[in-house]
Amino acid sequence: MKIGNREFDVNNKTYIMGILNVTPDSFSDGGKWNQMDAALAHVEDMIREGADIIDVGGESTRPGFAKVEAEEEASRVLPVIEAIHSRFDVPISVDTYKAVVAEQAIQAGASLVNDVWGFKKDPDMAGVVAKYNAVCCLMHNKSEAVYDNFLVDMLHETQECVNLAVAAGVKKENIILDPGVGFGKTYEMNLLTIRRLDLFRELGYPVLLGTSRKSVIGMTLDLPADQRVEGTLATTVMGVMSGCAFVRVHDIKENKRVIMMTEAILGK
């Protein structure tokens, strides 16, 4: 898979998507990186520690988040994307479900659209991604954790996202899937999702696992967001062993080391 100017061996390796939230209210790092100098310094640190992609987000998706209008979201992410693109040789992802923000972000230098609603929230999103031949990450999500058969329904609903993308002209080789840990799922469902990542792999697309510092870890270990590194690392190991192509994380150095060790044991 090619993202930006870089080739990714998604069948044999696990890569790191580093999180850059330029928001005042993200659940674990809100307000830390929404000044340009701090954001760029953090990007430099993440690249040095082993980040392969930088994911820039301008609207928090934590429970109870405040909705941000597209204009405000764009004003947060576009200058940062432009600055990263001009200073660093690293693929850039934009974390948005709004087509107008995605299009401007691609024009500013992003090459991947990370949509937490899997093209189901904005009917124009799939067309934008297809228009620019961008890569997309389609996440499973729903408003309420209501299912007839959780695993079967989750896979079916994720396939619906893929169908939207393909129907709009998105190339299949440009699609990544995210099972959406922490979104539209109970605590038990989140654990089951991580345990059955193999089912997601069977859909035939590279899988991104996003568990970093999330509430499923906090609830399991009874720890606040800034003390969930070890719990995150356990999920990253599960991701590597299940064949995930990407993990989306805050703590780059620690996750990079655990990926390298796990891959060595697996003979990758």
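Me: Is Glu263 buried or exposed, by its relative accessibility?
Reply: The model is a predicted one, in which local features need pLDDT of at least 70, side-chain atom pairs count only at pLDDT 80 or more, and totals for chains, interfaces and linings use all residues. Residues are numbered from 1 along each chain as its sequence is written, and side-chain values use heavy atoms, with hydrogens and water left out. Buried means under 20% relative accessible area, exposed over 50%, and partly exposed in between (1.4 Å probe, protein chains only). With a relative accessibility of 5%, Glu263 is classed as buried.

Me: Which side chain meets that of Glu263 in a salt bridge?
Reply: A salt bridge is a side-chain nitrogen of Lys or Arg within 4 Å of a carboxyl oxygen of Asp or Glu. The N to O distance in this pair is 2.9 Å, and the partner of Glu263 is Lys13.

Me: How many residues apart in sequence are the parts that Glu263 and Lys13 tie together?
Reply: Helices (H or I, at least four residues) and strands (E, at least two) are DSSP runs, numbered from the N terminus. Glu263 belongs to helix α10 (residues 252–266), whereas Lys13 is in the loop between β2 and β3 (15–21), so the parts tied together are separated in sequence by 250 residues.

Me: Which residue of the salt bridge between Arg6 and Asp52 counts as buried?
Reply: The two side chains meet at 2.9 Å, N to O. Arg6, at a relative accessible area of 30%, is partly exposed. At 8% relative accessibility, the buried residue is Asp52.

Me: Where does Glu160, the salt-bridge partner of Lys120, lie?
Reply: The side chains of Lys120 and Glu160 form a salt bridge at 2.8 Å, N to O. Lys120 is in the loop between β6 (112–115) and α4 (125–131), and the pair ties together parts 40 residues apart in sequence, so the other end of this tie is the element that holds Glu160: helix α5 (residues 150–167).

Me: How many salt bridges does a search of the whole structure find?
Reply: Asp55, Asp95 and Arg248 are linked in a network of such bridges. The search of the whole structure gives a total of 13.

Me: Which residues touch the most other members of the largest nonpolar core?
Reply: A nonpolar core is a set of buried Ala, Val, Leu, Ile, Met, Phe, Trp, Tyr and Cys residues joined through side-chain atoms within 4.5 Å. The largest one has 67 residues, and those touching the most other members are Leu20, Val56 and Ile84.
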